[in-house]
Each structure stands twice: as C-alpha cells, then as structure tokens.
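I'm opening a notebook page on this structure.

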Amino acid sequence: MKTIDITVTRYDPENSPVPYEQTYTIPYDDEMVVLDGLNYIKDHVDGSLSYRWSCRMGVCGSCGMTVNGVPKLTCAVFLKDYPQGVRVGPMDHFPVVRDLVIEMDDFMDKLRAVKPWMIREQEKPVEEGEYLQSPEELQLFRQFSMCINCGLCYAACPVYAADKSFIGPAAIALAHRYDMDSREEGQDQRAEVIGSHEGIWECSFVGECSVVCPKHVDPAAAIQRSKVQLTKDHILGLLWPWGKS
C-alpha cells in the first residue's frame, strides 16, 4: 500500500503554549480523504490528536480545516490529490482550542445577530393554509439556503482577518437568504445589523469567501446585492419618507 506524510499542527495550551508541527507517515489508498487520514492517525498512531468531525458527507460542516494553506472540508478532499504530502492546520482567523479544534463562538454570535429565521408581523390563521411561493420566488434565495455554517468563508476572508467585528460572509448570506424570501417581513430588523459599520460596507469584494465555499454558495454576491438593496431603500426613504415600495 502507498504511504503519505501528513503534517499536523499541534497545540496543547496546558503543556506547550507554542504551536508546533508533527508529521505522521500512514498507509493510504485512492478512496481515503484527508479526514480518513486523521482518523487513521487517531486510531492507530496517536490518540492524543484532537479535531472535530461528524457526518463525513459534507453536510454538517464540522470538519473544516486548513489543507495545504486552503480552507477545506477534510471529508471532501482526497489524499491522492496531495502526492507530495499534506499539511493540515486549524482554520485561520479563529481562536484555537487544541490541535485542529477551533472556537466558533464569535461566528455563532454573528449568525444570531442577523436573525436567520422567518420573521412575520402577524401569522395568518392555520385554516387559511400554507404560505405559497412560485418557483421563481424560491430561486431568488435557494442557493443561499445551502450554507452549512462550516466557517470556511471566514477563514478565507481578509476583512474578518483584520477586523473581527466584521459580521462576515456566511451571516450576511443567510440574512440575504431570508430578506429575499417572499414570506419574510423582518428585512428592516436585519438592515440595522448588516447595514451597520460592522456590516456589508466593510466588505472589499475580494471574493475568496465564494471561492472556498464547499456548497457553491456565493456570499460575495449576497453582500453586493444587499449593498444595492440598502442603497435603494435609503434613496426611497429620502424621496418617499412615508413609505418605501
């Protein structure tokens, strides 16, 4: 069987406050992904290695790490694509708890801040039936509902790297997803957050958030479209202060 070197960033704040790298040589075949390699190390070589994973199907978003310098879901990249060896580290721009495990509290706080759920001023009676949408209305937000909250877009974002107060790509994309939903009535509440100093206007449109997204969501587009919508709302508010269309 072929072998490959996997170099892993280790960090043990209780015993070694300075991160270091450790290389493991393991057997592999063409079906193994990077996460399989980490699991092999954990099971057969070094049980002290810490990392986070769950579904192994690109759904839960918990196995995001830096693979050869690029944010990736480790369940979705194959070892055979790195014949010269693979270097695995924690995702950039997040506090590291241990080895490859990051703290996502700030990310989760930002998600809650944009209220990524349906907001209605008043629900209609159940006997009036469900809220219907046309296929065209669904398509307006469908791709943004594919976000799995993996955080890869934050690891790739140079704005978030420089300023942790930036709300960030995934949170704004999810805000846009609900703002575009024809059943939604909470746009003004989210506008206070995404239109703030820490919101959409901080984005410099580098676009790496969209490049690294494993579900092909386009947060960069969501941010730019939100800029256009908030600008339009602002102008309408000036021209027609008693109500926008």
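**Helices H2 and H6.** I started with helix H2 (residues 105-113) and helix H6 (residues 169-179), whose axes come within 9 Å and cross at roughly 20°. H2 and H6 are therefore roughly parallel to each other (under 35 degrees counts as roughly parallel, over 145 as roughly antiparallel, 65 to 115 as roughly perpendicular and the rest as oblique). H2 passes H6 in a right-handed crossing. On the H2 side I found Phe-107, Lys-110 and Leu-111 in the contact, and on the H6 side Ala-170, Ala-171 and Leu-174. Contact here means heavy atoms within 4.5 Å. By class, the H2 and H6 residues split into five nonpolar, no polar and one charged.

**Ground rules.** The model is predicted, with local features needing pLDDT of at least 70 and side-chain atom pairs counting only at pLDDT 80 or more, while totals for chains, interfaces and linings use all residues. Residues are numbered from 1 along each chain as its sequence is written, and side-chain values use heavy atoms, leaving out hydrogens and water. I also noted that helices (H or I, at least four residues) and strands (E, at least two) are DSSP runs, numbered from the N terminus. Axes are lines fitted to C-alpha atoms, for helices over the stretch in contact, and angles run from 0 to 180 degrees between N-to-C directions.

**H6 and H9.** Next I looked up helix H9 (residues 219-239), which packs with H6 at an angle of about 60°, the axes being 8 Å apart. That makes H6 oblique to H9. H6 passes H9 in a left-handed crossing (left-handed if the near helix is turned anticlockwise from the far one by less than a right angle, right-handed if clockwise). Pro-169, Ile-172, Ala-173 and His-176 of H6 meet Pro-219, Ala-222, Ile-223, Arg-225 and Ser-226 of H9. I noted six nonpolar, two polar and one charged residues in the contact of H6 with H9.

**H6 and H7.** Helix H7 (residues 187-194) and H6 have axes that come within 10 Å and cross at roughly 160°. H6 and H7 are therefore roughly antiparallel to each other. H6 passes H7 in a left-handed crossing. From H6 the contact takes Ile-172, Ala-175, Tyr-178 and Asp-179, and from H7 it takes Gln-187, Arg-190 and Ile-194.

**The sheet.** I then traced an open sheet of five strands, in the order S2-S1-S5-S3-S4 and with mixed pairing. Two strands pair if DSSP finds at least two bridges between them. Strand S2 (16-28) and strand S4 (70-73) are the edge strands, each pairing on one side only. From one strand to the next, the twist averages 30°. Helix H1 (residues 34-45) packs on the sheet and touches S1, S2, strand S3 (64-67) and strand S5 (86-89), and its direction makes about 100° with that of S2.

**S1 and S2.** Strand S1 (residues 2-12) runs antiparallel to S2, and 10 bridges join them. A hairpin of three residues connects S1 to S2. I picked out two bridge partners in S2: Thr-25 for Asp-5, and Ser-16 for Asp-12.

**Aromatic rings.** How many aromatic pairs does the structure hold? I counted three (centres within 6.5 Å; planes under 30 degrees apart count as stacked, over 60 as edge-to-face and the rest as tilted). Phe-94 and Tyr-160 have ring centres 6.2 Å apart and planes at 50°, so the pair is tilted. Phe-94 sits in the loop between S5 and strand S6 (96-98) and Tyr-160 in helix H5 (residues 158-162), so distant parts of the chain, 66 residues apart, are linked.

Conventions:
Nonpolar A, V, L, I, M, F, W, Y, C, P; charged D, E, K, R; others polar. Phe/Tyr/Trp six-rings, centres within 6.5 Å; stacked < 30°, edge-to-face > 60°.
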